[in-house]
Amino acid sequence: MQTITGLMSQYPLQVKSIKLISDKRKKATWSLATSAGTKILKKAPVSKQRLLFLLQAIRHLQKNGAPIPRMVATTDGKDYAEDSSGSCYVLSDAAEGESPSYATGDLLLIMKELGKFHMASRGFQSTYTTNEREHLGSWGRSYAKHLDQLERFKGMALSSRSGKSGSISSSSSEFERLFLLHVDKFIDQGKAALHLIQSSPYTNWVNKVAVQRNLCHQDFAAANLIKTRQGLAIIDMDSLTFDLPARDIRKIFNKVMKKHGWSSSKAISMLRAYREVHPLSAEECSVIYADLLFPHLFYGLSSKYFNKRTEWNAPQTIQKLKALITSDRERQQMLASWDSIVKQS
């Protein structure tokens, strides 16, 4: 609290109370009651140079109509404050409301707002080019790397077997047993997706966006949106990057359908809502198909397990893997009707 009080002395505001919303060490958020209303203070989880890139991008998006809460400038006119250790903080107006729901009409609002976001991002040029984290044109390398990782995980799981029979031993974990039963199917999906993005539709779209300068949010999800009286507000910009709009579309499709089931009708309505505000050609939609075909969800869960990146609850993680494997038939059925989905959207 002493740090926050000291930081707020850099702003032309009086602080009445401070409430911690979340604290993840590198990233933290507070709600402040001030003489100018409720404000949100965020500790940036990125370097100062990366933050400067993000702040420039936010200004560009706001100028073009993206509903991002207004940033509050310090007394010196800067968009961020800095503490004695060099950590940076951004103060913004609070967005009053609650997170939207994927299970209601809010989902179509999210898709339309995503389309508007991509349109608003066009033409952005940063003076901090070393901190762009550009993914444009890199999908082939990323896919190949993740496929190599899946092969490595497969080897790790196989090495945990005992005996020479070649069968999966009872001593192997349930996660590894399920992983080995299904990994080849997902690797095949990844190889098919890699083949698709090595063709002209992906290259053509990359060349187009290289001129348009299109930003991706990378986590345009309900948790990072607030439904206000005026519409949706976007509240987290930490992962902005240059890439195809398809990246954000694939992520929201995976997030929604992982929770609520893979459905062609849902895909039609989501894609239609997006295309109402951000036109996409059939060729561009084929790139979205390729990214949906790649087993991002299977890879992500497997990576967390085999790389032991985070503490994980074994029963919960195994249930996630079972659910992912079970729902894959629905996912493949939806993807099989992709041409029809595009035509109807």
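**Questions on a predicted model**

Colleague: Is Cys 285 buried or exposed?
Modeller: The model is a predicted one. The relative accessible area of Cys 285 is 0%. A residue under 20% counts as buried, so the class of Cys 285 is buried.

Colleague: How many disulfides does a search of the whole structure find, and how far from Cys 285 is the nearest cysteine sulfur?
Modeller: The search of the whole structure returns zero disulfides. Cys 285 is accordingly in no disulfide, and the nearest cysteine sulfur belongs to Cys 216. A pair would need its sulfur atoms within 2.5 Å, whereas the sulfur of Cys 216 is away from Cys 285 by 15 Å.

Colleague: With which residues is Leu 244 in contact, leaving aside its neighbours within four places in sequence?
Modeller: Leu 244 is one of the residues with the most contacts inside the largest core. Once its neighbours within four places in sequence are left aside, the residues in contact with Leu 244 are Leu 136, Trp 139, Tyr 202, Trp 205, Val 206, Val 209, Cys 216 and Val 287.

Colleague: What distance separates the end C-alpha atoms of helix α6?
Modeller: Helix α6 runs over residues 200-212 and holds 13 residues. At 1.5 Å a residue, the helix should span 18 Å. The value in the model agrees with this, because the end C-alpha atoms are apart by 18 Å.

Colleague: Within what arc do the buried residues of α6 fall?
Modeller: The buried residues of α6 are Pro 201, Tyr 202, Trp 205, Val 206 and Val 209. They line one face of the helix, because seen down its axis they fall within an arc of 130°.

Colleague: Which helices are among what covers the buried residues of α6?
Modeller: Two of the buried residues of α6 are Trp 205 and Val 209, and both are in contact with Leu 244. The cover over the buried residues of α6 includes α4 (139-159), α5, α7 (245-260) and α9 (282-293).

Colleague: What is the phi of Arg 213, and where does this residue lie?
Modeller: Most residues other than glycine have a negative phi. Arg 213 lies in the loop between α6 and β6 (215-216), and its phi is near 60°.

Colleague: What is the phi of Gln 218?
Modeller: Gln 218 is placed in the loop between β6 and β7. With a relative accessible area of 14%, Gln 218 is buried. Its phi is positive in a residue other than glycine, and the value is near 80°.

Colleague: Which strands are the edge strands of the open sheet?
Modeller: Five strands form this sheet in the order β1-β2-β3-β5-β4, with antiparallel pairing. An edge strand pairs on one side only, and the two strands here are β1 (15-23) and β4 (81-82).

Colleague: How many bridges join strand β2 to strand β3?
Modeller: Strand β2 covers residues 28-34 and strand β3 covers residues 37-43, and the two run antiparallel. Leu 32 stands opposite Lys 39 in β3. The number of bridges joining β2 to β3 is seven.

Colleague: How many residues lie between β7 and β8 in their hairpin?
Modeller: Strands β7 (residues 225-228) and β8 (residues 231-234) pair in the antiparallel sense over four bridges. In β8, Ile 234 is the bridge partner of Leu 225, and Leu 232 is that of Lys 227. The number of residues between the two strands of the hairpin is two.

Colleague: How far apart in space are Arg 329 and Trp 262, C-alpha to C-alpha?
Modeller: Arg 329 belongs to helix α11 (residues 314-336) and counts as exposed, because its relative accessibility is 66%. In sequence, Arg 329 and Trp 262 are 67 residues apart. Their C-alpha to C-alpha separation in space is 9.0 Å.

Note on methods. Residues numbered from 1 in each chain as written. Predicted model: local features only at pLDDT ≥ 70, side-chain atom pairs only at ≥ 80, totals over all residues. Heavy atoms only, no water. Core = buried A, V, L, I, M, F, W, Y, C linked by side-chain atoms within 4.5 Å. Buried < 20%, exposed > 50% of the residue type's maximum accessible area, 1.4 Å probe, protein only. Contact = heavy atoms within 4.5 Å. Pairing = 2+ DSSP bridges. Expected span 1.5 Å × (residues − 1). Arc of directions from axis to C-beta.
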